[in-house]
Amino acid sequence: MTQLRNVAVVGFAQAPIVAHDPHRMANEMLYPVVREALAQCGVERDAIDYQTAGSADYIDGRPFGFVAALDVMGTWPPRQDSHLEMDAAFAAHYAWIRMQAGECDTAMVVGYGKVSEGQPERVLNLQLDPYYLAPLGLGPLSTAALQASAYMARSGATDADFAACAARNRAAAARNPHAQVRDPAPAAALQQTPWAVEPLRQGYVAPVGESAVCLILAAEGRAEAMCRAPAWIHGVDQRAELQSLGARDLSRSASATLAAEKALAMAGLGSAADVDLVELSAATPAEEMILRESLRLPAQGDGRPAINPSGGAIAGNPIMMTGLIRLGEAFRQLSGGAGEAAVPNARRAIAHAAQGHCLQQNLWFVLGRERRWS
Amino acid sequence: MKRPVAVVGVGQTKHSARRAEVNIAGLVREAVDRALLDAGLEHGDIDAVVIGKAPDMLEGVMQPEQFLIGAIGGHLKPVVRIHTAGSVGATTALAGVTHVASGLFDRVLVIAFEKQSEGNAMWALSPNMPFMPPLVAGAGGYFAPYVRAYIARSGAPAHIGPMTAANARANAGRNEYAHLTEPMTVEDVLESPVLWDPIRYLETCPSSDGAVAMVLASAEQAKKGPRTPAWVKGGASYAEAMWVPGRDQVNPLAGRTCAKHVYDQAGITDPWNQIDTAEIYVPFAWFEAMWLENLGFRPLGEGWKAVERGDVKMGAHLPINPSGGVLCTNPIGASGMLRLAEAALQVMGRAGAHQVEGAKTALGHAYGGGAQYFAMWVVGSEL
């Protein structure tokens, strides 16, 4: 194994997740967030060596949507840049790799997109294999429902279990000022909500949401000056798997399991039970339970580690940003910025990002308040 | 870079207007299989995959890498998808370089593709910006004013673009993978219709179906391979904002900055004399003269003179685009990586009938957006 550098999250700003901001374009939503993240770090734009973004043209409804963000990101004079057509958390991972290569010491990572301008069930249909799957008319909700069914069949989980999971997330979200769904509801009430797509009820999944996020990363030597309490990256890994819904066991996520093992091993942890909190990009209760299994944590229940103290993706799921928000939430927890949602004495956290249908690609960050490598 | 990175395998498809006999996955797989075969490796030997393509609207598939995971051998591997407009193929390869240089990955597969026959490039390249009148004129309509500005500034005569176009076609005739290979004269180009003043039909890149892949490796792994590798001497990708007052679209600062960064890494102080051949991104013929200046090969205002003297032809001082370049082959998302891959083939001495004799140092270059994104590498035959 190569010698790794200590890299930390040192700043994070986020527009509150809302159903729809009719007055601002994506880049207008992004601008104040970029400024806020820089201000948190007490630096101007010149202090950032490298910039990267995560977004998707089809969310923007136009080609080259990301070009508009260049101005907002302060791309003058010209900056070292790449854009990933992925959840912005993957851009953060790539920025971390660049730091390991010695190509930069500081990085700005932004995520944006207004999925609310379109119909996600139709737009994200186009993410499926265009020859075999997309013509079936499936969208992310219907494929998630297939996965939820597969999970129920294997594990014996019930509608009541899903309701309990959603209720826990919503209760947590009530303490998170950035969450979209902030009204707690008892499991029994959620179980009365209509089917979104059976076996997923409307109360179990986040409505469409939009936001804009900016996260700042810095390597050891720079991070300490930019942040009073940086969240150091101890381990990270991401894996993809085949899309074909018939070629994989939808009740599990092989890619999430493998990536979690690798990230925990890099962090020097024996198990996910050694962390204080976990932030999951789980858009449905079934996804949460599958991801808990990937971490070898019990499928249900709360306690230590706390699962989704922010309310998770079930309380706000702005596509292409959901994963980066998880990383930002983990940073808030470790740096003392989580407010009412704070997990007491949080010293280690896990943040997860996913993209594609049915948890096709998964990324895990393991973070801690102490530096990992000496 | 923390440690040296080498190109150990290159594969590309035959490019044409319509590869009707393969679907998107089949097209991509063709390039991937050739790159792995070239490197003497199998999918199991690859630690990570980096894939790039231009706007998803070209094929109408959102994030197509998701359905291509099987075709690219990405199952249970880290997979990264890059999109930086026309420069994407080059940025993708450079992201692969970063992966290897980090020490975290020893062998990385990089892939770029476009199957433009699945859609309509003019539509897909006509962004509808909020609060702006839609141009709906594709990339040619967007770049024609920049070309006019270059001509006005430099006083270049009207035959420069046509000379570049005719030379590119002569080069493509020696490239077995090129899309457009029929020879044409400067007169043929001048007689072709004007599409976007002053850009003529025969000074315009085609829409191609095609893919390219490379295997990048650490020095230790590269030395095990069957090939003499191409060593990455320097590489970088830069972007600049769109709406900066005074931004120079004819000679963009991002391009100059990127070139300087790459030359500094590669120890190049005099690119005109230290680089043996260059594959540069020329989708419309006039950009060759423009980029000769932007890349520091020729002084400001004199790029066109090198074209006129024939300095950029095969066998001359600095052969530009020996493969025929983007003017003859343009699977847009792959076009940038093709430039980098062709540069690598040149310094490996494996460019076939379009080999530049004795090429030891080569530049591969791409640009994109509204001349805002730049990505390039310098490769060499020696570590």
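Tutor: **A helix crossing and a serine beside it**

H6(A) passes H11(A) in a left-handed crossing, meaning that the near helix is turned anticlockwise from the far one by less than a right angle. The residues in contact (heavy atoms within 4.5 Å) are A:Ala144, A:Gln147, A:Ala148, A:Tyr151 and A:Arg154 from H6(A), and A:Ala286, A:Glu287, A:Met289, A:Ile290 and A:Glu293 from H11(A). They split into 6 nonpolar, 1 polar and 3 charged.

This is a predicted model, with local features needing pLDDT of at least 70 and side-chain atom pairs pLDDT 80 or more, while totals for chains, interfaces and linings use all residues. Residues count from 1 along each chain as its sequence is written, chains are lettered from A and ligands numbered from 1 in written order, and side-chain values use heavy atoms, leaving out hydrogens and water.

Back to the helices: the axes of H6 (residues 140-155) and H11 (residues 285-294) of chain A come within 9 Å and cross at roughly 55°. The pair is therefore oblique, the class left after under 35 degrees (roughly parallel), over 145 (roughly antiparallel) and 65 to 115 (roughly perpendicular).

Now for A:Ser251, in the loop between strand E8 (231-240) and helix H10 (254-266) of chain A. A:Ser251 is buried at 2% relative accessible area (buried is under 20%, with a 1.4 Å probe and protein chains only). Leaving out residues up to four places away in sequence, A:Ser251 touches A:Ala150, A:Tyr151, A:Arg154 and A:Ile290. Its side chain makes a polar contact with the side chain of A:Arg154 at 2.6 Å, and another with that of A:Asp249 at 2.7 Å; such a contact pairs N or O atoms within 3.5 Å, and within protein one must be able to donate a hydrogen and the other to accept it, with residues adjacent in sequence counting only if both atoms are side-chain atoms.

How values were computed:
Helices (H or I, at least four residues) and strands (E, at least two) are DSSP runs, numbered from the N terminus. Buried means under 20% relative accessible area, exposed over 50%, partly exposed in between (1.4 Å probe, protein chains only). Axes are lines fitted to C-alpha atoms, for helices over the stretch in contact, and angles run from 0 to 180 degrees between N-to-C directions. Ala, Val, Leu, Ile, Met, Phe, Trp, Tyr, Cys and Pro count as nonpolar, Asp, Glu, Lys and Arg as charged, and the others, Gly among them, as polar.
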